[in-house]
Amino acid sequence: MSWTIDEYPTALNYFASLVQSDDNFALMEAAISIAQDAEPDLDLQSAQAELDRLQVRLVQRLAGEDDGLRKLSALNKFFYGELGFAGNLNNYYDPANSYIHHVLQTRRGIPISVALIWLELANSIDLPVEGISFPGHFLVKVRLPQGQVVQDPLTGDSYSANALAERLQPFLDQTGITPEDAPPLGLYLQAAHPRDVVGRMLRNLQEIHHAQKNWAMLVAVLNRLILLQPERDELYRDRGMAYAQWGVPARALLDLERYALVAHGLEADLISKAIARLRQAD
């Protein structure tokens with residue numbers, strides 16, 4: 001690949017317009033547009049049209065239904081049974097699992113991409129649903145008169161409080177949080193803000209492209225993250241390092257010199273050495 005998304009200003013400007021304000025944040029549109037990194041000529045409207053068709057099918061079969069629990073049951077049968085949405089367990093780290101149009105075509109994805117489609121359908125039948133940025137596995141929840149249902153977006157299985165605590169434990173162990181210091185479980189079940197959802201999607205892709213050493217695509221993803229979360233100085237460091245690996249020293253220098261202004265301690269020394277090497281190579 002010899003291009004990066006900043007060579008397609010229309011796509012990047014479009015994404016910027018979608019995420020510039022938290023008021024009326026266009027979550028699904030922003031999520032769909034992420035795929036333009038891989039397919040610059042992607043027809044964004046076709047993905048939205050497919051979502052609309054699925055919503056119409058669901059709404060028609062639930063006409064006149066007011067019971068939330070029956071709505072949830074019908075949605076899950078439609079989504080997992082009839083449509084066959086599930087996790088892409090055979091190729092979990094395929095970047096396409098994060099591309100909404102691809103997930104709509106294949107019915108396979110990762111928790112967050114499948115969840116976004118499920119949430120769109122749930123909203124179309126007026127179910128009070130929200131995404132949960134749970135550690136390690138994005139979840140969804142439904143508020144019903146009978147209580148809150150927390151569900152795995154890949155299977156439709158609901159979780160008890162004990163099951164959620166078990167899922168959370170490896171994260172607590174990894175971060176060194178003892179049971180005595182652990183926050184209440186409810187803290188991890190709060191609704192995810194749309195900006196955070198898009199950020200999590202992009203960070204997933206950041207990790208994948210870094211692991212695959214796909215520097216051009218990594219830069220493209222970081223361009224979007226910088227627009228989404230401009231307050232995160234470390235994104236300029238990451239993009240500078242990606243540019244350096246890609247063999248674009250001039251752009252690497254711009255980002256690393258910017259980051260050097262806020263770097264501290266050992267990291268500041270490492271950044272200074274990286275800048276010196278790039279200046280010699282430029």
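D52 lies in helix α3 (residues 44-61). Helices here are DSSP runs of H or I with at least four residues, strands are runs of E with at least two, and both are numbered from the N terminus. At 35% relative accessibility, D52 counts as partly exposed; buried means under 20% relative accessible area, exposed over 50%, and partly exposed lies in between (1.4 Å probe, protein chains only). The C-alpha atoms of D52 and L121 are separated by 8.8 Å, although the two residues are 69 residues apart along the chain.

The model is predicted: local features need pLDDT of at least 70, side-chain atom pairs count only at pLDDT 80 or more, and totals for chains, interfaces and linings use all residues. Residues are numbered from 1 along each chain as its sequence is written, and side-chain values use heavy atoms, with hydrogens and water left out.

**The sheet**

Strands of a sheet pair through backbone hydrogen bonds, either parallel or antiparallel. Two strands count as paired if DSSP finds at least two bridges between them. In this model, an open sheet of 4 strands has the order β3-β4-β5-β6, with antiparallel pairing. β3 and β6 stand at the edges, each with a single partner strand, so one side of each has no neighbour in the sheet.

| Strand pair | Bridges |
|---|---|
| β3 (residues 129-132) and β4 | 4 bridges, antiparallel |
| β4 (residues 139-144) and β5 (residues 147-151) | 5 bridges, antiparallel |
| β5 and β6 (residues 158-159) | 2 bridges, antiparallel |

Particular residues can be followed across the sheet. E130 has K141 in β4 as its bridge partner, and K141 in turn stands opposite V150 in β5. G131 stands opposite V140 in β4.

β4 and β5 form a hairpin with 2 residues between them. In the hairpin of β5 and β6, 6 residues lie between the strands, and G156 has a positive phi near 85°.

**Loop residues with positive phi**

R107 is not a glycine, yet it has a positive phi of about 65°. R107 is placed in the loop between α5 (100-106) and β2 (108-109). With 18% relative accessibility, R107 counts as buried.

K213 is not a glycine either, and its phi is positive at about 55°. The loop that holds K213 runs between α8 (194-211) and α9. K213 is exposed, with a relative accessible area of 57%.

How far apart are the end C-alpha atoms of helix α9? They are 20 Å apart, which agrees with the 20 Å that its 14 residues (residues 215-228) should span at 1.5 Å a residue. The expected span is 1.5 Å times one less than the number of residues in the helix. Of the 14 residues of α9, 13 are buried, so α9 is largely enclosed by the rest of the structure.

Helix α11 (residues 249-260) contains D255. D255 is buried, with a relative accessible area of 5%. Leaving aside its neighbours within four places in sequence, D255 is in contact (heavy atoms within 4.5 Å) with Y236, R239, G240 and Y243.
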